[in-house]
Amino acid sequence: MKDFFKYVLATVVGIFLTSIIMFAFGAMSIVGMIASGEATKSIDPNSVLVLKLDGIMSEQSEDNFMNKINGIEGLSFENTMQAIQRAAANDDVAGIYIEAGQFGADIAQVEELHAELKKFRNTGKWIIAYGEEYNILSYYLASTANKVYMNPQGTVNWIGLGGEAMYIKNTLAKFGIKYVPVKVGKYKSAVERYTADEMSAADREQTERYLHGWWNTIVKAVSENRHISTAKLNKYADDMITLGDPKQFVETKMVDKLLYTDEVKPAVKKFMKLDEDDDINQISVDDILNTKIKEDGDKVAVYYAFGNIIDEETPQGIFAGTTNIVAKRVCQDLQEIADNDKIKAVVLRINSGGGSAYASEQIWHQVKKLREKKPVVVSMSGAAASGGYYISAPANYIIADNTTITGSIGIYGLYRDMSELYTKKLGINFSQVGTNRNSVLGSQEYGFTPEQFTALQNNVNRGYELFKKRVAEGRKLTPAQVENIAQGRVWLGEDAKKIGLVDEIGGLNRAIAKAASLAKCKEYYAETWGETPSLLEQLLANSTDMDTYLDTKLKNTLGALYEPVMMMNEYEQMDKVQARMPYIIRIK
């Protein structure tokens, strides 16, 4: 019997050791395969960069190990922009092939990519686009192409911009739940979905302004690219050309030709003057990004800050998310940048509708300290509103796109009152004990007393006054001037420039050039701040990468519903005093 247990134990140990060895070899093989794919590449002459515009575009690339293993391609503004720029500068890249689909992004991101594609064509290179079904944003970018092709049974979703806002006050009331809003500013409408039956006049005013602004930007660009009048383009939208015969898109010159998928490659070869048997040298975004570039001169750091502004990270499994602006981490990063003598100037690339007022104040303080050591330029992406504007205010210079959503200078608090649910619906009784009159703040049985509500309102008022003070200091405006453009009102970038909230209209490249200029750099190069963990480090990490992978899968599955679901999940961890935009808007 002793020998039996001895042999069993030896077998178990042997299996365990073999498993470890096999895992190590497997990990090394996987890392080797991925690393070899990421090695510096050389581009063959007459190559074509393939841009796949399908899925939701993030602000910055997420180089995640689990995503690579499972073949998930990240679609990011950062990588796509750099790929177009490098393709324009590389003599071996002849053109760009756009494979268009259901593409979702912030319109300001697309506005910058559109401008970059126009620059690409101005170098004398070509662009060809093909889509089985274009949405508004993918067609906006495809319109820059020399030739726009579409499937004979495809369409262009050309009906204008619009949508519906959901209001759930009455639904919650059926369950005995209501939300108590405490806010400042008639345009601060973030609470309305929980406290109103319909869109307020103020919110309708600002929403219609930026929707029309976005649409006009798209229509004007398509008009110039396709040589179709804006009046005709608007008529096509009104007439719902989307639902008509696909041949109409050729007749109206919105599309050059209808081709089935297998007919596209021969058409591209013909355009490139290749023989039928010749291969097309296709390269991906990753391929062009893995080519060497010259880095001479002074360094300008580009720091990406995108997502909800929160105090500290609160991992929640697959709902952890990867797009929060975590105040503690951001402040630490900015301190390191300030202390880094190799960095001569900084560009903060901000894409945020805001979040915690407390966290915004902490980041504001750190940006102000950073500015004391080196120039800071803000590049506003899709949004830099409410808390997103708060953290932008102390910068030396602010640059936004025409279609950027910004402003929303206001504060609100939102408190859930479930007293009716507990006491009347469920029959639950409560007894209170406390040392002082307001020891129980926000009773489960009674909600807020008038005295408590007044105190909450005064707290929000102080936050609003502090927010306005920060803007006045940063933008060199009087308190009266700030109040006139505040009240929680959302502004388009082009409008924000007129009222002094923004210095210049432009994109990330312009912000980098301005930062270098302020630092008096004769020669410079831009480098994204922050290091991605090595593949081995990611492989040996805890469950973080798996959580991020699952989160990415969830994002791809839910699409446009992902961010609202995340906001609902984050409510309990959320700072109840918020500097946040009314709602998330993403064109799809």
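**The sheet and its helices**

Mentor: Strand S2 (residues 93-104) pairs with strand S3 (residues 126-134) in the parallel sense, over 6 bridges. Two strands pair if DSSP finds at least two bridges between them, and strands (E, at least two residues) and helices (H or I, at least four) are DSSP runs, numbered from the N terminus.
Trainee: Before we go on, what kind of model is this?
Mentor: A predicted model: local features need pLDDT of at least 70 and side-chain atom pairs count only at pLDDT 80 or more, while totals for chains, interfaces and linings use all residues. Residues are numbered from 1 along each chain as its sequence is written, and side-chain values use heavy atoms, with hydrogens and water left out.
Trainee: Okay, which residue in S3 is the bridge partner of Ile96?
Mentor: Ile127.
Trainee: And in what order do the strands of the open sheet come?
Mentor: The order is S6-S4-S3-S2-S1-S7, 6 strands with parallel pairing. The edge strands, S6 (257-258) and S7 (281-283), each pair on one side only.
Trainee: Which strands does helix H4 lie across?
Mentor: Helix H4 (residues 107-122) lies across S1 (47-56), S2 and S3, at about 160 degrees to S2. Contact means heavy atoms within 4.5 Å; axes are lines fitted to C-alpha atoms, for helices over the stretch in contact, and angles run from 0 to 180 degrees between N-to-C directions.
Trainee: How does helix H3 pack with H4?
Mentor: H3 (residues 77-89) and H4 pack at about 10 degrees, with their axes 9 Å apart. That makes the two helices roughly parallel, a label for angles under 35 degrees. Among the residues that meet are Phe77, Met81 and Ile84 in H3 and Leu113, Leu117 and Phe120 in H4.
Trainee: Switching topic, how many salt bridges are there?
Mentor: The structure holds 18, each a side-chain nitrogen of Lys or Arg within 4 Å of a carboxyl oxygen of Asp or Glu.
Trainee: What does Glu112 pair with?
Mentor: Glu112 forms a salt bridge with Arg349, the closest N and O atoms being 2.9 Å apart. Glu112 lies in H4 and Arg349 in strand S11 (residues 343-352), so the pair ties together parts 237 residues apart in sequence.
Trainee: Is Glu112 buried or exposed?
Mentor: Buried, with a relative accessible area of 5%; Arg349 is buried too, at 0%. Buried means under 20% relative accessible area, exposed over 50%, partly exposed in between (1.4 Å probe, protein chains only).
Trainee: Which residues are linked with Glu59 in a network of salt bridges?
Mentor: Glu112 and Arg349.

Terms used. Angles under 35 degrees count as roughly parallel, over 145 as roughly antiparallel, 65 to 115 as roughly perpendicular and the rest as oblique.
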